[in-house]
Amino acid sequence: MMTDEQSKSAKAARRVWLGGVVAAGGWRNRAAAGLLVLDSVAAIGFAAGLAFGLTSLPQGLRATLPWLVLGLASAWLRGACAGLAARVGAGAARRAKARLRDRIVRATLALPLGTGPTTGALMTAAVDNVETLDGYVARFLPARGAMIGSAPILLAAALASPIAAGILAGTMVPFILVMILAGGAAADEAARQFTALTRLGALFADRIRMLPLVLVFQAEAAETARLAVAADDLRRRTMAVLRIAFLSSAGLEFFAALSVALVAVYAGFNLLGLLPGFVTEHLDLGRAFFVLALAPEFYAPLRRLAATYHDRQAAETVADGLRTIEAAAPVPGTIAPLLPGPPRIRFEQVTVRYAGEDRPALAGLDLDVAPGQIVALLGPSGAGKTTALNLLLGLAPLSQGEVTIDGARLSDLGVITGSIAWMGQVPTIMPGSIADNIGLARPGATMEEIAAVADKAGLGPLLSARGLDTLLDERGSGLSGGERQRIALARALLKPAPVLLLDEPTAHVDEAAEDALIAAIADAARGRTTLIATHSARLASIADTIIRLEAA
Amino acid sequence: MTSPLRTLIAAERQRQRGGLALAALCAAAVTTSSVLLLGLSGWFITGAALAGLAGPVAASAFNFMLPAVGIRLLAIVRTGGRYAERVVGHDAALRALARLRPALFRAILAAPPATALAMTVGDASMRMVQDVDAVEARFVRRSTPWAAAAAVAAGMALLVPAGTAAAGATLGLVGLVGLTILAAWSLSALGREQGRAVQQANAKLKQEYATLAAAAAELRAYGLGDWAAGRIAEHGAGLLDAQARATAWGGWSALLQGLAPGAAAIAALALSVQTTLPLAALAALGAAMTLEGLAGFIRGFEVRGSLAESEARLEAALAVPPPAAPAVSVMRHPPRIILADPAAVLSPGMIVGLTGPSGSGKTTLLERLVGLRSHGGGRIELGGLDIAGFTLALLRQCFAYAPQDAALLAGTVRDNLLLACPRGEEDAMLWQALQDAALDDRVRALPDGLDSWVGENGARLSGGERRRLGLARAYLRPAPWLLLDEPTAGLDAATEALVVSRLRARLSRLGQGALIVSHRAPPLTICDRVLSLGAGQSHDAMRNRGACGT
C-alpha cells in the first residue's frame, strides 16, 4: 500500500514520463487543440446566424439570407475543424507511439533471463499497451487543450445576456466537483482491470505455447476452465471501471441538459415579463435565442473531454507498467573493444545469486583458463555450469568474486559479447531459411562460408535432403533435436571470435554422430579460449583441463 | 451455412436479449428526449417572446407550466437514459465476450493437431485479446439504429406541424447522410480491407517480437540487439501505416458529424419562411437535434473495417472440421502395440528402448502414438486395431508422454505437475512422482516447495531439472504406456543412474509399459528389448533383462 507521499511522487513521475512520450508528437499536439478551439469559436457564428436569421425571418428571405449564409459557413467550418483535428491528432499519436515502442522493445530485449514478466506479458506491453496511448495523444490531449474553448462561448453569451451566462457558469461548479470525485475512484478500478487484461494475455500465450502437451495430457477441460475464470475476471474488472466512467459522464450530461433547461426557462419567463422586478435585464427574441443556441455549445468541450476519459485512464494505468519495464532494463554497459587474441580467463571465488533466490546459482568458483585452452566444466545439473557461461555474456549478475579477462576485470571491461561465439542448450530457430538461421552469427557471410560451416557442423545429411534454403517455422518443427543443435554449432563456427562458449553441445546427439561433432568442436576450438559445459566424458576428453562443479 | 462465429454471437445475443433490448429502449429514449428538449425549448422561448410582446394579459395567459416542466423532465430522462443504456449495453456485451473467449480456446484445442500447432503465439494472443474485444462492438452498437430511428421519428413529429417543407428538408438531409454512409460503406469494402491490413500488420508485429524476445540470449551473444530492434521497428512502421489508412474515414466522419446538424438547422429555417416564428424555431432546433441523433450511428461505421477483419480471423479459428473416418472409441485394455516399422509386438508391461541416429523418426513415432502427428512411418496397431481409425481421445488415453523439450507452464511446480492430473491429486502422490524423477530434494530446497514459481518455461530451473520435472509430470498420468523421449539427456552420470533405477522400480511397481527413446546407454539397460531405427535398416536386439540386474 503506497503512502500519500509515495503516490504523489509516483503520479508526478508518471506525468513527467507521459510528457516525454507525448513530446514526440511535436507541433501536432498544439495544432489539434487549436483546431478544436476554433470549432468552439465557429459555434458562436452558427448561433448568431441561427438566432438573427430567426428574428429576421418575418422580413422575408432577403433579410434572412446573410444570416443563413453565416450559419452555413460556420457549420462548414465546424465540420472542417473537427475533421482536421482528428487527422492531425492521429499524426501526433503515430509519432509518439513509434518512439515509445522502440524504447520499450530495446528495453525488453535486454532483460536477463528467468526474471521479470513472461514473454506474453512483454508482448502485450510492447504492442498493445503502447497502442493504448493512441487515444491519449490523438483525442484526450487535444480535448484537454481545447477546454478553454468554453471561454469565448461564455463571453459571447455574456454579451447577449449576462444572467444567462451566469446560469451557465453556475451549473459548471457542481459538475466539476462530480468529475473530480468520479475520477479518483475510476483510477483504482482501471489499474485492476489492466492487471486482469495482462494476465489473460500472458496466460493465453503460455498455453498456446504448451498446446501439444495440453492435448497430450487431455487437460483441455481444465485449461479451458482456467481461461474462462480469467476471462470472467476481466469482465468484472472492466465493468467496474465502466460503471464509474459512465457515472461521471452521466453527471456531465445531467448538468449540460440542466443548463439548457434553465436557460430556456429563464429566457422564456424573461420574455414573458414574469420575472420579479430586481431582474433588470430585458431580453428580446434574438438575444434569447442566441443564448439558447449557445447553451449546449458551452458544455461541448467538456463533453468531448469526458468522451476521452477512458483513453486517459487506460493510458495512465499503462504508463505505470511501461515505466516499470523501462526501469527494470539493465543499463547498456560500455562495449569493450574486440579482444585481439584468445584471452586468459580467470574466475576468482565467483558467486552468482539471482534476485529473489535463496540458493546461489554458482558459489565460489575458481577457474584459470590459459589463452587458447579448452576447459570443460563437469558437474550435476544445477551446479552452475550454464550460469558461469551466462556471466561472461552479461546475462547473470556477479554477486561476489571477480572475473578477469586478460587481467582486466569484467565489470570494468563492460560488454564483451562481440568477442564471444556461443552455443546454448536449446537453440532458437527463427522463421526463415536454414541459411538465414546460420548467417545470423555474422551478417555479411557469403553462402559459401555458410555452406562450409554447415558441413563442418555435421549438417551434411540434412542439407543434401533439404537444402540450405529450406524454410523453418518458429517451433523448428521438422528438425530433430540433433539437427537443431548442429545449426547452433554452425552459428558458433561462423563467428570468428577469440572466445568460444558451449553449453551442452552434444546433449541431444546420439553416440555415433557425437564423435563427428566432437571432432568439429575440437577444430572450432583451435586458437580460441574455450569453455564447455557438458556431461559427456567423451566431449570433455578434448579439453586440456576438466573442472568439476559441485552443487551449492 | 452460417459460420460458427455468427452462431456463437447469435447465441450470445439471444442469451443477453433482455439486456440488449433494454439498452436499445434507453438509447431511443435518449435521442427522442434530446430532440424534444431542444425543440421544445426553442418553441417555448419564441412563443414566450411573442406572448410577451403582445402584452401582459397574453403573457399571463401563456401556458408556461407545461413546457417548463416538460423541459426539466426531458433533461432528466435524457441523462438517466444515457447511463442506463451504456451500463446495460456494455454489461451484456462483456458477458458475451467472457463466454466467447473460452469457446475460442476450446475450438483451437479441438482443431486437428496440424492446424492448432501451426498457430503462432503472436497470432493466438491477438485473437484471444484484441479480436474478441473488437466483437464487443457487435453488441454495444446494436442500439444505435434504434436511437437513430427514434430521433428521426421524434424529429418528424415535431417538424410536421411546423410545415411539410421543413419536414421534407430534414428528411432529405437524413437521406443524404444515409447516402454518404452507403457510399463510404461500399468504399469500405475498402474500409474492411484496411481493417484487415491493420490486423495483419498487428499480428506480424507481435509474432516478430515474440520470436526475437525468445531469442534474447542468442541476440546478446551475437550482438544482434540493434538489428532485432530495427526489424521490430520496421514491422511497427507497417502497422502504423496501415492504421493511418484505416482511420482516414474517421476524419470524414467527424466532418459529417460537425456539418450535418448545422446544415439541417439552416435549411429548416430557410424553409420555414411561411410559418409562424415559434414553429420556425421548433423546426430549426428540432432538425439540428435529429441529425445529431444519427451521430452514434455514423460513429459505428468507423470500426467496421477492423470489426470485419477481427471476425474473419475468429471465424477461421473457430472452424473445426468434422472428424474424418469412422472413429473407433473402444478398445481392449491394456493395449498391445504392434509396430510395422520396425516390426515389433510390444506386450503390455514391456519396457522397450528405441535408438537410432537423429532424424531417423524416433520422435515421430512417439508423436504419432499420442496423436500429435498423423503421418510418417509404418502402420501402428493398438489393441489389435489400426490407430488411424482411433479418436484422439481414445489414443491419448493410453499414453503418458514426456517429450524431449520438456515444455513447462509459467506457473508453480504444482501447476506443472497437475497438468497431468486435471482432477487434482494429493501432495503425497506429487512428491512420489518427484522422487521417482530424482527431483524431490531440489524441490524441497526451493523456498516455497511445490508452490515455487518456475519462471517462463521453467527458466528458473536448470535444463536437467526441467527435464526431470517433465518426467515427474508424465509419471503422474495413469496410463498403460509411458513414452519417454530422451529422459536423461543433459543429466550427469550420478543423477542419470538414479533416475534410471527409480524409473525401473516405478515401472515394475505399477506394471506400466514404457517406450524409451534414448541415444544414451544407461536408460536402455532397463529395457527388455531395444529397437533400432536407422536409415532404411531396422532391426531389434533382444536384451537379457536378467543380465541388467534387478
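Helix α11 (residues 385–393) of chain A lies across strands β3, β6, β9 (499–503) and β10 (529–533) of chain A and runs at about 145° to β9(A). Helices (H or I, at least four residues) and strands (E, at least two) are DSSP runs, numbered from the N terminus. Axes are lines fitted to C-alpha atoms, for helices over the stretch in contact, and angles run from 0 to 180 degrees between N-to-C directions; contact means heavy atoms within 4.5 Å. The model is predicted: local features need pLDDT of at least 70 and side-chain atom pairs count only at pLDDT 80 or more, whereas totals for chains, interfaces and linings use all residues. Residues are numbered from 1 along each chain as its sequence is written, chains are lettered from A and ligands numbered from 1 in the order in which they are written, and side-chain values use heavy atoms, with hydrogens and water left out.

Helix α17 (residues 511–525) of chain A also packs on this sheet, where it touches β3, β9 and β10 of chain A, and its direction makes about 155° with that of β9(A). The sheet is open and has five strands in the order β6-β9-β10-β3-β11 (chain A), with parallel pairing. Two strands are taken to pair if DSSP finds at least two bridges between them. At the edges stand β6 (420–423) and β11 (545–548) of chain A, each with a single partner strand, so one side of each is left without a neighbour in the sheet. From one strand to the next the twist averages 15°. Four bridges link β3 (residues 374–378) of chain A to β11(A) in the parallel sense, and Leu377(A) has Ile547(A) as its bridge partner in β11(A).

A further open sheet in chain A has four strands in the order β2-β1-β4-β5, paired antiparallel. Its edges are β2 (362–369) and β5 (408–409) of chain A; each has a single partner strand, so one side of each lacks a neighbour in the sheet. Strand β1 (residues 345–352) of chain A is joined to β2(A) by five bridges, the two running antiparallel. Opposite Ile345(A) stands Val369(A) in β2(A). Helix α11(A) packs on this sheet as well, touching β1, β2 and β4 (400–405) of chain A, and its direction makes about 110° with that of β1(A).

Over all chains the structure holds 46 salt bridges, a salt bridge being a side-chain nitrogen of Lys or Arg within 4 Å of a carboxyl oxygen of Asp or Glu. One of them joins Glu223(A) to Arg226(A), with the closest N and O atoms 3.4 Å apart. These two residues are three apart in helix α8 (residues 220–272) of chain A, and are therefore separated by about one helical turn.

The contact between the chains takes 141 residues from chain B and 135 residues from chain A. Together they bury about 12,500 Å², 70% of it on carbon and sulfur atoms; buried area is the accessible area (1.4 Å probe) that two parts lose on being put together, summed over both. Tyr209(B), Arg220(B) and Tyr222(B) supply 7% of the area that chain B buries against chain A, more than any other three residues. Two salt bridges are counted between chain B and chain A. Arg106(A) forms a salt bridge with Asp226(B), with 2.6 Å between the closest N and O atoms. On the side of chain B that touches chain A, helix α4 (residues 65–110) of chain B gives the most, with 21 residues.
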